[in-house]
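Please open the structure in your viewer and keep the selection tool at hand.

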Amino acid sequence: MALNARLDHRNPLVFDTHELGRRPGALQRLTRTVDAPKDLGIKDVIGVPEGAPVELELRLESVMEGVLVTGTARAGAEGECVRCLEPLKQEITADFQEMFSYPDADDRGRVTAEPGDDAEDDEDRLFLEDGLFDLEPVLRDAVVLALPMQPVCREDCPGLCSECGARLADDPDHHHDAVDIRWAALQGLAGTMKDGEKDEMSGAEPGVDEKQEK
């Protein structure tokens, strides 16, 4: 990724690394609670509601190439059970680690090349901008990986009845009597036939049974 657009230090997901300096081995630990950005999760499946609190614990370490950020995010996600379609809530913990690189510099710290000169090298890299970095893209990736692709309200959720859509968890004994549609059609036909028609279908003449009795 090329150098970030101008970052706003007032954004709660933008962090300042100036206190670290550029001495390899320097450490800084941070905790921060931020409002979840929009569309944080898997669209139309499950995600952290916009504005919901996200607790961040970060470890910033200065290395030769830049600042290594290791952290954990905790938040409450909301979605819909894929089996019974009932709303669900789930607490998630997302771990992440990302390197934010310094702009290329010589041993005196002078910038010698702008990030982006080598598109192939910069494609997957994140860069510091004036000592700032934006955690949002890293947070998004981590949360998506931590969320279930097919969330369920409980592991043994029986889902919905395939015939009528009833929620099976509410009625464990719910069932439908199985009827062979071929026999059902014949039964319906028999119910609409008169006695004479039934005799004709069976090949017997009307009144035969009465003559035999006599």
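A residue is called buried when its relative accessible area is under 20%, and exposed when that value is over 50%. Please bear in mind throughout that this is a predicted model.

**First stop: a single residue**

Select Gln28, which is found in strand E2, residues 27–35. Is Gln28 buried or exposed? Its relative accessibility is 15%, so Gln28 counts as buried.

Now display the side chains of Gln28 and Glu19. A polar contact joins these two side chains, at 3.5 Å. Apart from neighbours within four places in sequence, Gln28 is in contact with Asp16, Glu19, Leu20, Leu58, Arg59 and Leu60.

**Second stop: the cavity**

Rolling a probe the size of a water molecule over the atoms shows where empty space is left. How many cavities of 30 Å³ or more does the structure hold? There is 1, and the largest cavity contains about 30 Å³ of space.

To see what surrounds this space, select Leu40, Val48, Val54, Ala73, Arg74, Ala75, Ile92, Leu139 and Val143, which line the largest cavity. Colour the selection by residue class: the lining has 8 nonpolar residues, 1 charged residue and no polar ones.

Finally, select strand E6 (66–80) and helix H2 (136–146), each of which supplies at least two residues of the lining of the largest cavity. Which element gives the most to that lining? Strand E6 does, with 3 residues.

Note on methods: Residues are numbered from 1 along each chain as its sequence is written. This is a predicted model: local features need pLDDT of at least 70, side-chain atom pairs count only at pLDDT 80 or more; totals for chains, interfaces and linings use all residues. Side-chain values use heavy atoms; hydrogens and water are left out. On a 1 Å grid over the protein atoms alone, a cavity is a set of points where a 1.4 Å probe fits but cannot get out, and a pocket is an open set with protein on both sides within 12 Å along at least five of seven lines; lining residues have an atom within 4 Å of a point. Grid points are joined across faces, edges and corners, and a volume is the space filled by probe spheres set on the points. Helices (H or I, at least four residues) and strands (E, at least two) are DSSP runs, numbered from the N terminus. Ala, Val, Leu, Ile, Met, Phe, Trp, Tyr, Cys and Pro count as nonpolar, Asp, Glu, Lys and Arg as charged, and the others, Gly among them, as polar. Buried means under 20% relative accessible area, exposed over 50%, partly exposed in between (1.4 Å probe, protein chains only). A polar contact is a pair of N or O atoms within 3.5 Å; within protein, one must be able to donate a hydrogen and the other to accept it, and residues adjacent in sequence count only if both atoms are side-chain atoms. Contact means heavy atoms within 4.5 Å.
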